[in-house]
Amino acid sequence: MKFGIIREGKTPPDKRVVFSPQDLLTFKNTYPQAEFKVESSPIRVFKDEEYAELGFEVTTDMADCDVLFGVKEVPVDQLIANKTYFFFSHTIKKQPYNKKLLQTCLEKNITLIDHETLIDENKDRLIGFGRYAGIVGAYNAFRAFGTQFELFNLKKAEELSSQEDLVKQLTRHILPPIKVVLTGKGKVGYGAKEILTGMRMKEVTVDQFLNKDFDEPVFVHINVEDYYRRIDGKAVSSDDFKKNPNAYESDFEKFAKVADIFIAGHYYKEGSPFILTHEMLNGAYNNIKVVADISCDINGPIACTLRPSTIAQPVYGYYAREHKEVSLSHPAAIAVMAVDNLPCELPKDASEGFGKMFLDKIVPCFFNGDKDKILKRGTICTNGKLTEHFSYLNDYVK
């Protein structure tokens, strides 16, 4: 079987890759029966020479590869018929902007496996860039705070080479005694927490956060049971919330009244109630000054996330009284960071972390007959048809 690392073709450019040169060498040494090619790329965070020096063929012709690995969506005119592709397709929620992509995969008899659909028997995702989204998102929260209040200017994350550099930047500056609330206890939330603990910010309990004043910066890390409540007053649990989101309403206002920065890394299911509502943001007692919405669900649980922002322009202003975007210089503006491709700002660390997960969780499936059916569950289409699990997309591709 011949595996290929494809060049990222989407605009704006993405420097990430599924396998770093060292991880690809580990792949080769672990499975010597496999063959490899690397498509030449002028933008990849790892240079062509780094792959070539380890003995990999670097070329512009990937036609003889069986399996092709990418990160972002492949432009439809670059798809090669009758191949197996791995990339984030952004089609499983019927995203209108990628309808043609899935239609083309069907037309060209492509087997499409989405990184997002690679799950275990409990439907838990096996790989992803969530940790790095959390890391960069938390850094950007403090960058926005420093800029908005003219306290300090941090370099963009994309100008730094590693997570360690992000922490060094942050620890050079003294923060006032602010309170930071962080939601989510998945990969995104814990990635963000790595930055907070790396800064040596003090973690406090929910009760302390809500009721006590501090003379130093503090944060609280909360989950579903802390910021939602059941409408009927019954006990709250994450499992119950996932099964019955309509039975819940937000209980986040108590945090909005005391927090200065909100870092959103929560789990959100379509149909769930909002977490931070327009009414809370427009309330007389709202204290939130910066929202870093790492999850970035437009028209979702964070009312001030009106649109995605970009790496070039990561922050925009939100005017709660009129529920609209305004200049950050507006005296009542809340700073909103809602970049939807945050791991792109830390491409080396993100690529190395992703590759190690892929080596551990996915690569063995190619050589053990997919005994745990991971590849089967993750396959969106094959042989010109949608698979049974993704048959709900039939009306989307017609």
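In this predicted model, helix α4 meets helix α6 through residues from both sides. From α4 come Gly130, Arg131, Gly134, Ile135, Ala138, Tyr139 and Phe142. From α6 come Lys187, Val188, Gly191, Ala192, Glu194, Ile195 and Leu196.

How do the two helices cross? Their axes come within 6 Å and cross at roughly 45°. The crossing is right-handed.

Now follow α6 itself. This helix covers residues 187–198, twelve in number. From first C-alpha to last it reaches 16 Å, close to the 16 Å expected at 1.5 Å a residue. Next comes Arg200, which has a positive phi, near 65°.

Which residues of α6 are buried? They are Gly189, Gly191, Ala192, Lys193, Ile195 and Leu196. Their cover includes α4 and α5, along with strands β7, β8, β9 and β12.

Look next at Ile263. Beyond its neighbours within four places in sequence, Ile263 contacts Ala192 and Leu196, among others. Its other partners include Ala138, Ala141 and Val180.

In general, nonpolar side chains in soluble globular proteins tend to be buried together. Here the largest nonpolar core holds 73 residues, and Phe69, Ile263 and Phe358 touch the most other members. Helix α4 gives this core its largest share, ten residues. A second, separate core has 34 residues, including Val204, Tyr227, Ala264 and Met280.

Methods: Residues are numbered from 1 along each chain as its sequence is written. This is a predicted model: local features need pLDDT of at least 70, side-chain atom pairs count only at pLDDT 80 or more; totals for chains, interfaces and linings use all residues. Side-chain values use heavy atoms; hydrogens and water are left out. A nonpolar core is a set of buried Ala, Val, Leu, Ile, Met, Phe, Trp, Tyr and Cys residues joined through side-chain atoms within 4.5 Å. Buried means under 20% relative accessible area, exposed over 50%, partly exposed in between (1.4 Å probe, protein chains only). Helices (H or I, at least four residues) and strands (E, at least two) are DSSP runs, numbered from the N terminus. Contact means heavy atoms within 4.5 Å. The expected span of a helix is 1.5 Å times one less than its number of residues. Axes are lines fitted to C-alpha atoms, for helices over the stretch in contact, and angles run from 0 to 180 degrees between N-to-C directions. A crossing is left-handed if the near helix is turned anticlockwise from the far one by less than a right angle, and right-handed if clockwise.
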